[in-house]
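Please look over the sequence and the model before reading on.

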Amino acid sequence: AAVIRSHQSAAGRAGHTPALHAAAMLMSTAVARAEPTADVRNLKLLVVDGYDRAGVERLESVGAAAASDLMKRLLGNATAGIDNLHVDTDVVNPALRPRDLPSPCELKEAYDGVAWTGS
């Protein structure tokens with residue numbers, strides 16, 4: 001599986017987001033790996049929200065969206081114009097629900113790519 005670590009820097013807030021660049025890298029790697037089924041490529045991605053409980057609570061306290069929700073939307077937007085591509089995205093947050101994190105074997109078998117968000 002392709003793995004992309006993304007974070008928002010000062011330059012990213014100015015409009016050149018590292019997350020967008022990371023999403024493009026993930027897409028190019030994962031789309032090439034995706035298995036075509038009946039003329040449709042099925043792409044399975046995992047978004048790992050790297051924020052700890054305190055970070056999640058800080059975001060929620062100011063009404064901000066979860067980093068994983070933003071990444072999932074970014075990945076959806078990045079693949080929207082690709083013909084015959086179906087993207088299925090799962091989200092996990094190991095700090096909040098560590099048992100939801102797949103094992104290394106499950107990652108390799110179940111996912112074409114991983115995007116890691118957080119601070």
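The second largest pocket has a lining of 14 residues, and D49, A66, S68, N93 and L96 are the ones nearest its centre. The model is a predicted one.

**Second largest pocket**

- The space in the second largest pocket is about 160 Å³.
- Two elements, α3 (53-61) and β4 (85-92), each contribute at least two residues to the lining of this pocket.
- Helix α3 contributes the most to that lining, namely 3 residues.
- By residue class, the lining of the second largest pocket holds 8 nonpolar, 4 charged and 2 polar residues.

**D52**

- D52 sits in the loop that runs between β3 (40-49) and α3.
- D52 is classed as partly exposed because its relative accessibility is 42%, and that class covers values between the 20% limit for buried and the 50% limit for exposed.
- The D52 side chain comes to 2.7 Å from the backbone nitrogen of G55.
- Between D52 and G118 the C-alpha to C-alpha distance is 8.3 Å, although the two residues are 66 residues apart in sequence.

**W116**

- W116 belongs to strand β5, which spans residues 113-117.
- The relative accessibility of W116 is 33%, so W116 counts as partly exposed.

**Chain overall**

- The chain contains 5 strands and 5 helices.
- Read from the N terminus, the order of these elements is β-α-α-β-β-α-α-β-α-β.
- The chain has 119 residues, and 32% of them count as buried.
- Of the contacts in the chain between residues at least 6 apart in sequence, 73% link residues that are at least 24 apart.
- The chain has an accessible surface of about 7300 Å², and carbon and sulfur atoms account for 54% of that area.

Conventions:
Residues are numbered from 1 along each chain as its sequence is written. This is a predicted model: local features need pLDDT of at least 70, side-chain atom pairs count only at pLDDT 80 or more; totals for chains, interfaces and linings use all residues. Side-chain values use heavy atoms; hydrogens and water are left out. On a 1 Å grid over the protein atoms alone, a cavity is a set of points where a 1.4 Å probe fits but cannot get out, and a pocket is an open set with protein on both sides within 12 Å along at least five of seven lines; lining residues have an atom within 4 Å of a point. Grid points are joined across faces, edges and corners, and a volume is the space filled by probe spheres set on the points. Helices (H or I, at least four residues) and strands (E, at least two) are DSSP runs, numbered from the N terminus. Ala, Val, Leu, Ile, Met, Phe, Trp, Tyr, Cys and Pro count as nonpolar, Asp, Glu, Lys and Arg as charged, and the others, Gly among them, as polar. Buried means under 20% relative accessible area, exposed over 50%, partly exposed in between (1.4 Å probe, protein chains only). A polar contact is a pair of N or O atoms within 3.5 Å; within protein, one must be able to donate a hydrogen and the other to accept it, and residues adjacent in sequence count only if both atoms are side-chain atoms. Contact means heavy atoms within 4.5 Å. Accessible areas come from the Shrake-Rupley method with a 1.4 Å probe; for residues, only the protein chains shown count as cover.
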